[in-house]
Amino acid sequence: MKIAVMGSGGWGTALALVLLENGHDVTLWSYSEEESRTLREKRENPMLKGVPLPETLALTSDSACVKGCKVVVLATPSFAVRATTRALVPMLEEGAVLVCVSKGIEKDTLFTMTEILADELGKEGGPKGVRLVALSGPTHAEEVAIDLPTTIVSASKDMEAARFVQTVFTNNVMRVYTNEDIKGVELSGAMKNVIALGVGISTGLGYGDNARAALITRGIAELARLGVAMGCNVHTFAGLAGIGDLIVTATSMHSRNNRAGILIGKGETPEQAVKEVGMVVEGMNALPAALELAAKYQVEMPIVQTVNAVVNKGMSAAEAVRSLMDRDPKNELPQSYEK
């Protein structure tokens, strides 16, 4: 079938290659004509060095490529999701499936990415019957692009749509699971980046596996408490989209959030760390929304709050770790996702 992938970063490009391998007619869209022209000339994405882009993969900067597509994959950075969706709405086919692989929470509205899509689609003049699916999980683009075994979750309130996306993406190296808890899946994908920053900071300070394991497990407990308060299924956080995605993000050098955290732990400022990583560090962008959600739902999230103190309030990384370790254990919540 005809599919457009909107966003030619590493992740969008890797998914375009998966879809191409599965026999689909795929177009990869770039935000700028300059970027698209570079991809056409070099047939390689600089974010995925050594991975050739086949001639059968169409490359364009014309958003009209979504016309006639039964499936459209949105793979832009989270801050660009609303603007990109707004531009696409007049050209989307009725009944199309819009698959969002971007991860984040919109600061002003506290919407997940598919909630942004629904908001834009619901405005006057939008196409009818567009179905929304979130695709999320422990998936580094660098591995997906070279066909290393990977698992991911197709999430939607419309399980028929989730299963349809499952069949579109599944092959012998990409195994797709389904989940109807789309909010829990998207919340996990956005918030795990904050915890991964904290794990990176710990690593940069020279702390070991014990601290890393503690931050990952207590971090997923924080995310799950928030998710349960927001009406999500607690089991989502123990699955691929929850603990799975957090583990891969918090332990791999493919992860820009982990790398940025390591640099901060070694003494660089957050601004210097972002500049050195050279890409968007979504965990930093997610902090304002994470704090607002914690306050709104009255959920204790000490790791998230401590990462924010380092990134936005000037607290030293070493002082941040001490503040977490010195918390009164009598005030610690039980080892449970519930309050």
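Is Ala 190 buried or exposed? Buried, with a relative accessible area of 1%; buried here means under 20% relative accessible area, exposed over 50%, partly exposed in between, with a 1.4 Å probe and protein chains only.

Quick housekeeping, folks. This is a predicted model, where local features need pLDDT of at least 70, side-chain atom pairs count only at pLDDT 80 or more, and totals for chains, interfaces and linings use all residues. Residues are numbered from 1 along each chain as its sequence is written, and side-chain values use heavy atoms, with hydrogens and water left out.

Back to Ala 190, then. It sits in helix 7, residues 182–204 (helices are DSSP runs of H or I, at least four residues, numbered from the N terminus). Setting aside neighbours within four places in sequence, Ala 190 touches Lys 103, Gly 104, Ile 105 and Ala 286, where contact means heavy atoms within 4.5 Å. Its C-alpha is 8.8 Å from that of Ser 102, 88 residues away along the chain.

Next, helix 6, residues 159–169. Its buried residues are Met 159, Ala 161, Ala 162, Phe 164, Val 165, Val 168 and Phe 169. At the start of helix 6, a side-chain oxygen of Asp 158 comes within 3.1 Å of the backbone nitrogen of Glu 160.

Last up, a helix pair. The axes of helix 8 (residues 209–229) and helix 13 (residues 302–313) come within 8 Å and cross at roughly 105°; axes are lines fitted to C-alpha atoms over the stretch in contact, with angles from 0 to 180 degrees between N-to-C directions. So helix 8 and helix 13 are roughly perpendicular, a label covering 65 to 115 degrees. Helix 8 brings Leu 215, Arg 218, Gly 219, Glu 222 and Arg 225 to the contact, and helix 13 brings Pro 302, Ile 303 and Val 304.

Notes: Helix = DSSP H or I, 4+ residues; strand = E, 2+ residues; numbered from the N terminus. Parallel < 35°, antiparallel > 145°, perpendicular 65-115°, else oblique. Polar contact = N/O pair within 3.5 Å; in protein donor to acceptor, adjacent residues only side chain to side chain.
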